[in-house]
Amino acid sequence: MDTRVLMTVEEYLHTQFDGPDREYVDGGVVERNMGELPHAILQAEMIYILRSLGKSLGLRVLTEIRIPVSATRFRVADVAVWRSGPIGQRIPTVPPFLVVEILSPEDRLVRLQPKIREYLAHGVEWVWVIDPDERRALSYAPADPGGALVDELRTQNPDVTIPLADLLSALD
């Protein structure tokens, strides 16, 4: 059963929701799963690592930000990273070069696939999906839209490398 609330893009952009922000997909407002401790711990650790690297690389690291992937779709990334330079005013008009999604226990990778494809089609160069329960990560890029299991989370231009074991050690 579809329980989405229908509204216009303008209504969505001017609405604040109780709890986690929601995504907007073709007129419908779609709830996102709330993260539990492993999700929150990895999100905080990822932000810390990326912000530390970002100081020397000129990166802007934001969380829970609405990203317009098309005229009628806004996705909310757990973590999004831009290179230096203007990215927009209230809503980014430039795609991030990296998006990080951290799975919650209720999330299913098969349901995340359309979101990953939308990010890549929008111009996101790297999408990392981290599964705290399985302690694994997938990396997606336009050259590898099917994704690959990785032991190191990497980007190019700028070169960012985060060993997965280092990130996951925050859960121990």
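Residues are numbered from 1 along each chain as its sequence is written, and side-chain values use heavy atoms, with hydrogens and water left out. Because the model is predicted, local features require pLDDT of at least 70 and side-chain atom pairs count only at pLDDT 80 or more, whereas totals for chains, interfaces and linings use all residues. Helices (H or I, at least four residues) and strands (E, at least two) are DSSP runs, numbered from the N terminus.

The largest nonpolar core comprises 25 residues. A nonpolar core is here a set of buried Ala, Val, Leu, Ile, Met, Phe, Trp, Tyr and Cys residues joined through side-chain atoms within 4.5 Å; buried denotes under 20% relative accessible area, exposed over 50%, and partly exposed the range in between (1.4 Å probe, protein chains only). Within this core, the residues with the most contacts are Met46, Leu50, Trp128, Ile130, Leu153, Ile162 and Leu167. At least two core residues are supplied by each of helix H2 (37–57), strand S5 (73–82), strand S6 (98–102), S7, S8, S11 and helix H4 (164–168). The largest share, five residues, is contributed by H2. Apart from this core lies another, of 18 residues, which includes Val69, Val99, Leu112 and Val129. In soluble globular proteins, nonpolar side chains tend to be buried together.

Contacts (heavy atoms within 4.5 Å) were also examined for individual residues. When residues up to four places away in sequence are not counted, leucine 153 touches Met46, Trp128, Ile130, Ala137, Val160, Thr161, Ile162, Leu164 and Leu167.

Helix H3 (residues 109–122) has 14 residues, and the distance from its first C-alpha to its last is 20 Å, close to the 20 Å expected at 1.5 Å a residue; the expected span is 1.5 Å times one less than the number of residues. The buried residues of H3 are Leu112, Gln113, Lys115, Ile116, Glu118, Tyr119 and Leu120. Glycine 123, with a positive phi near 115°, follows the helix.

Four aromatic pairs are found in a search of the whole structure. Rings of Phe, Tyr and Trp (its six-membered ring) pair if their centres lie within 6.5 Å, with planes under 30 degrees apart classed as stacked, over 60 as edge-to-face and the rest as tilted. The ring centres of tyrosine 12 and phenylalanine 74 are 5.5 Å apart and their planes stand at 50°, so this pair is tilted. Because tyrosine 12 lies in helix H1 (residues 9–13) and phenylalanine 74 in strand S5, the pair ties together parts that are 62 residues apart in sequence. Both tyrosine 12 and phenylalanine 74 are buried, and Tyr12, Phe17, Tyr24 and Phe74 form one aromatic cluster.

Arginine 66, located in strand S4 (residues 60–70), counts as buried because its relative accessibility is 9%. Leaving aside neighbours within four places in sequence, arginine 66 is in contact with Tyr12, Leu13, Thr15, Phe17, Asp21, Arg22, Phe74, Arg75, Val76, Ile91 and Pro92. Polar contacts are pairs of N or O atoms within 3.5 Å; within protein, one must be able to donate a hydrogen and the other to accept it, and residues adjacent in sequence count only if both atoms are side-chain atoms. The side chains of arginine 66 and aspartate 21 are joined by a polar contact of 2.8 Å, and a polar atom of the arginine 66 side chain lies 2.9 Å from the backbone oxygen of tyrosine 12.

Aspartate 131 is placed in strand S7 (residues 126–131), and its side chain reaches the backbone nitrogen of glutamate 134 at 3.1 Å. In the loop between S7 and strand S8 (136–141), arginine 135 has a positive phi of about 55° although it is not a glycine. Arginine 135 counts as partly exposed because its relative accessibility is 36%.

S8 and strand S9 (residues 144–149) pair in the antiparallel sense over three bridges, where pairing requires that DSSP find at least two bridges between two strands. The two strands form a hairpin with two residues between them, and serine 139 stands opposite alanine 148 in S9.

A cis peptide bond, with omega about 5°, joins asparagine 157 and proline 158. Proline 158 is in the loop between strand S10 (152–155) and strand S11 (160–163). Asparagine 157 has a positive phi near 55° and counts as exposed because its relative accessibility is 57%.
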